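This note goes through one structure point by point, for a colleague who has the sequence and coordinates at hand. Please read each point against the model itself.

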Amino acid sequence: METRSDSPRWLIDFQCPRCAGNVCLEETERIFTCAWCRVKLCLGSRGPLECYIPAPPGPGENVLYVPYWRLKGMVFTCTAGSIHSGAVDLSHIALTAKTLPWSLGIQAQLTRLRFLAPGVAGTFFAPTLTIGQAIAGCEPNFKQLGVPPWTETALHRAWIGEQTSLLYYPLARRDGQIVDTLQDRVFESVGQWDARAPAAMQPDVQVRFYAATCPDCGVDLDGDRDTLVLTCRNCDRAWKRGSEGLEETPFYVVPDKTGEGQFGLPFWRIRVDVEGISLASFADYVRFCNLPRALTPAMAETPFFFWVPAFKVNSALFLTLIRRVTLFQWQGEFEQRLGGLKCHPVTLPAEESAESLKTALADLAVDKRTLLPGLEDLRIVTKEALLVYMPFRARGGELIHPQIPLGIQRKALQYGLNI
Ligand SMILES: [Zn+2]
Ligand SMILES: [Zn+2]
C-alpha cells in the first residue's frame with residue numbers, strides 16, 4: 001500500500017489544445033508545457049478528474065466502462081498506543097458489483113489513459129459509491145490482507161491531501177460472458193450482469209485548459225506538476241490554480257537578510273479553536289505539551305498558531321515539521337515579496353493541512369490518555385490560515401534553518417512530490 005516514488009504511474013495521453021500535438025501527463029499533474037508549441041497550460045476540472053482506459057481494438061464489440069475511484073495521499077492512523085502514518089495509492093470500484101475486482105491491479109497501470117469526453121464509443125456506468133464509501137470499502141479488504149495499520153482499531157484516521165480521480169475500466173460482452181478486455185478474465189454471465197446492470201451515463205466534457213501565465217503581466221508563471229500556487233517573478237504575486245482559472249492569493253515570507261542560497265518551504269500558519277482545549281496563547285501550548293520552559297506573562301499574551309506544511313512529504317517528517325516549526329513559533333514581521341527565494345511547490349490546501357491537526361494534537365499532548373478516546377469527536381475550527389514561506393538554507397543534500405534544530409533531506413522533499 002505504501003507509495004514508492006518508483007512505482008508505476010498512470011499516464012494520460014491527449015492532444016495539446018493549442019497545437020494538437022500529442023502530449024502526455026502523469027495522472028496527478030495539472031500543469032504542463034507542450035513539448036511542441038512550448039505553451040504552458042493548467043488543466044482544470046470540476047470535481048474529480050475522469051479518465052478511461054481505452055479498450056484494445058476488438059471485433060466491434062460494445063465496451064462496458066466500469067468506474068473505479070483512485071486515491072493518492074497521506075494517511076494518519078491514531079491507535080491507542082501510537083500514530084501510524086504512510087502514503088496511500090489505492091483504487092476501489094465505484095459501484096456495487098461483487099463479481100468484479102474491488103481494486104485495479106498493478107498490471108492495469110501499464111496501460112495509458114485518456115480524458116473522458118463526449119463521443120467516446122462504449123457504455124459508461126455512473127459511479128454509485130462516493131469516495132468515502134469506497135474508502136470504507138477498502139478497510140475490511142486491507143484488514144483481511146493483514147496490511148498495517150488497517151489491522152488495528154483506529155481511534156482517528158485522517159486522509160491528507162488526497163487526490164481523487166475516477167477511472168473507467170473496459171469490460172466487454174463476449175460469448176455470453178462479461179469479460180475483462182485487458183486481462184482476459186471472465187467475471188460472470190451476460191444474463192447475470194444484465195439482471196442488475198447499473199445505470200449508464202453520457203460522458204461529458206470535463207477538462208478545461210487555461211494559460212499558466214500571469215493574469216496581470218502576461219509572463220509565464222513559476223510552478224509545475226501539481227502545485228496549487230503559481231508565482232510571478234515579474235510582479236511578485238501569487239496565483240491559486242482553480243478549476244477554471246487563476247485567482248490571486250496572498251502570501252507572506254519570513255524575512256532572512258543573509259541572502260544565502262535560500263529555499264522557501266511553504267507552511268500554513270493556522271489559528272484554531274479546539275473544543276474543550278485551551279490553545280489560544282503560547283503559554284497554553286507549553287502547558288499542553290508540557291514543554292520544559294518557564295512560563296512568562298508575555299507567553300500568556302502571545303497568540304498561538306500551528307505551523308503545518310503546505311506540501312506533501314513522508315508522513316513521519318510531516319509530523320516532525322509541525323512539531324518543530326510550531327515550537328519555533330515565528331512572531332516577527334512578514335515580508336510580502338519573494339525576491340530571489342526558490343519556492344517549494346504548495347501541494348496541500350489549507351483545509352487539507354488543517355485535517356492533520358487532530359493527529360498533531362495526539363502527537364504533542366502530554367496527557368494522551370485523556371485526549372485519545374475523544375479524538376474522533378473533537379471539534380477543531382480553523383479561524384485563520386496564512387500561506388507563509390519559511391526560508392531554509394541548502395547545505396549539501398540537506399535544508400537547514402539556523403533556529404530550528406532539524407535537517408531536511410532534499411531527497412525527502414523530492415519523494416513528497418510523488419505522493
Ligand atoms: Zn502545443
Ligand atoms: Zn506578473
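The points below take up the domains, the sheets, a helix pair and selected residues of this predicted model.

1. Domain layout. The domain assignment of the chain places domain 1 at residues 47–204 and domain 2 at residues 250–416. Taken over C-alpha atoms, the centres of the two domains are separated by 36 Å. Their contact draws 13 residues from domain 1 and 19 residues from domain 2.

2. The domain 1 side of that contact. Which elements give two or more residues to the side of domain 1 that touches domain 2? They are β6 (63–78), β7 (83–93) and β10 (156–174). By class, the residues on this side of domain 1 divide into 9 nonpolar and 4 polar, with no charged residue.

3. S165 in strand β10. Strand β10 is also the place of S165. Is S165 buried or exposed? S165 counts as buried because it has 22 C-beta neighbours inside 10 Å, where the cut-off for a buried residue is 20 or more. Leaving aside residues up to four places away in sequence, S165 touches E27, P48, L49, E50, C51 and R70. One of these, P48, is 117 residues from S165 in sequence, yet the C-alpha atoms of the pair are 4.8 Å apart in space.

4. Positive phi at D175. D175 has a phi near 50 degrees, a positive value in a residue other than glycine. For context, most residues other than glycine have a negative phi. The position of D175 is in the loop between β10 and β11 (177–180). D175 counts as exposed, because it has 8 C-beta neighbours inside 10 Å.

5. Positive phi at R225. A positive phi in a residue other than glycine is also found at R225, where the value is near 55 degrees. R225 lies in the loop between β14 (207–211) and β15. With 15 C-beta neighbours inside 10 Å, R225 is therefore classed as partly exposed.

6. The sheet that includes β14. Strands β3, β4 and β14 form an open sheet of 3 strands in the order β3-β4-β14, and the pairing is antiparallel. Its edge strands are β3 (31–33) and β14, each of which pairs on one side only. From one strand to the next, the twist averages 30 degrees. Between β3 and β4 (residues 40–45) there are 3 bridges in the antiparallel sense, and T33 stands opposite K40 in β4.

7. The sheet that includes β15. Another open sheet has 3 strands in the order β15-β16-β17, with antiparallel pairing. Here β15 (229–232) and β17 (246–248) are the edge strands, each pairing on one side only. Direction ignored, neighbouring strands of this sheet are turned by 35 degrees against each other on average. Strand β16 (residues 237–241) is joined to β17 by 3 antiparallel bridges. W239 is placed opposite E248 in β17.

8. Strand β22 and its partners. Strand β22 (residues 380–395) pairs in the parallel sense with β18 (residues 252–253) over 2 bridges, and Y389 in β22 is the bridge partner of V253. With β19 (residues 262–274), β22 pairs in the antiparallel sense over 13 bridges. In that region, P391 in β22 is the bridge partner of G264.

9. The hairpin of β22 and β23. Strands β22 and β23 (residues 398–401) run antiparallel and are joined by 3 bridges. R395 stands opposite E398 in β23. The hairpin has 2 residues between the strands, and G396 there takes a positive phi near 60 degrees.

10. Packing of α5 and α7. Two packed helices are described by the angle between their axes and the distance between the axes. How far apart are the axes of helix α5 (residues 315–328) and helix α7 (residues 357–364), and at what angle do they pack? The axes of α5 and α7 are 10 Å apart, and the helices pack at an angle of about 70 degrees. Therefore α5 is roughly perpendicular to α7, the range for that term being 65 to 115 degrees. At the contact, L319, I322 and R323 in α5 meet T359, A360, D363 and L364 in α7. By class, the contact of α5 with α7 has 4 nonpolar, 1 polar and 2 charged residues.

Technical notes:
Residues numbered from 1 in each chain as written. Chains lettered and ligands numbered in written order. Predicted model: local features only at pLDDT ≥ 70, side-chain atom pairs only at ≥ 80, totals over all residues. Axes fitted to C-alpha atoms, helices over the stretch in contact; angles between N-to-C directions. Helix = DSSP H or I, 4+ residues; strand = E, 2+ residues; numbered from the N terminus. Parallel < 35°, antiparallel > 145°, perpendicular 65-115°, else oblique. Contact = placed C-beta atoms within 7 Å. Nonpolar A, V, L, I, M, F, W, Y, C, P; charged D, E, K, R; others polar. Pairing = 2+ DSSP bridges. Domains from an automatic or database assignment. Buried ≥ 20, exposed ≤ 12 C-beta atoms within 10 Å, placed from the backbone.
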